[in-house]
Amino acid sequence: MENTRRSRNYRDLLAWQRAMDLVEVVYGLSSRFPNEERYGLSSQVRRAVVSIPSNIAEGEGRNAPNDFARFLSIAHGSLREVETQLLISVRLKYLTEEDITNAMTLCEETGRITNGLKRSLQGRGKSG
């Protein structure tokens, strides 16, 4: 089973692919924020969304299931940060609920996939 995982690349992981889709969507949404948010909420949500696929890739490159699972946890935390920042953007009336629907759906999907991958890695790490 370990050989199968190593024959793959982080770019083959559905979690990474969905996270990359989310980056594109969030960058598009944040470009609509007011100019005064360039160094505020816009910068914050962009850093958080970029960290999701970055942590998935870094964790996969560690060659250790427990390390990978830890990086997936970090990615999941960043995912929740992005969701919160998108909801803040709605409260501040920079975006509407309708505007963020696709992004929130991608967040949910990415979270489910990431958590499933983490559970499978944790089981593999315990078995040796």
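Reader: What do buried, exposed and partly exposed stand for here?
Author: Buried means under 20% relative accessible area, exposed means over 50%, and partly exposed lies in between. Keep in mind that this is a predicted model.

Reader: OK. Which of those is Ile 74?
Author: Ile 74 has 36% relative accessibility, so it counts as partly exposed.

Reader: And where does Ile 74 sit?
Author: Ile 74 is in helix 4, residues 65-91.

Reader: How far is Ile 74 from Ala 103?
Author: In sequence, 29 residues apart. In space, 19 Å, C-alpha to C-alpha.

Reader: New topic. At what angle do helix 2 and helix 3 pack?
Author: About 170 degrees, with the axes 9 Å apart. Helix 2 covers residues 14-30 and helix 3 covers residues 41-60. That angle is why helix 2 is roughly antiparallel to helix 3.

Reader: Which residues make the contact?
Author: On helix 2, they include Trp 16, Leu 22 and Tyr 27. On helix 3, they include Arg 46, Ile 52 and Pro 53.

Reader: How many are nonpolar, polar or charged?
Author: The contact of helix 2 with helix 3 has 15 nonpolar, two polar and one charged residues.

Reader: What about the largest nonpolar core? How many residues?
Author: It has 32. Leu 22, Ile 52, Ile 56, Val 82 and Leu 86 have the most contacts inside it.

Reader: Which helices supply this core?
Author: Helix 2, helix 3, helix 4 and helix 5 each supply at least two residues. The largest share, eight residues, comes from helix 4.

Reader: Last one. What does Leu 86 touch?
Author: Leaving out residues up to four places away in sequence, Leu 86 touches Val 26, Leu 29, Ile 100, Ala 103 and Met 104.

Terms used:
Residues numbered from 1 in each chain as written. Predicted model: local features only at pLDDT ≥ 70, side-chain atom pairs only at ≥ 80, totals over all residues. Heavy atoms only, no water. Axes fitted to C-alpha atoms, helices over the stretch in contact; angles between N-to-C directions. Helix = DSSP H or I, 4+ residues; strand = E, 2+ residues; numbered from the N terminus. Parallel < 35°, antiparallel > 145°, perpendicular 65-115°, else oblique. Contact = heavy atoms within 4.5 Å. Nonpolar A, V, L, I, M, F, W, Y, C, P; charged D, E, K, R; others polar. Buried < 20%, exposed > 50% of the residue type's maximum accessible area, 1.4 Å probe, protein only. Core = buried A, V, L, I, M, F, W, Y, C linked by side-chain atoms within 4.5 Å.
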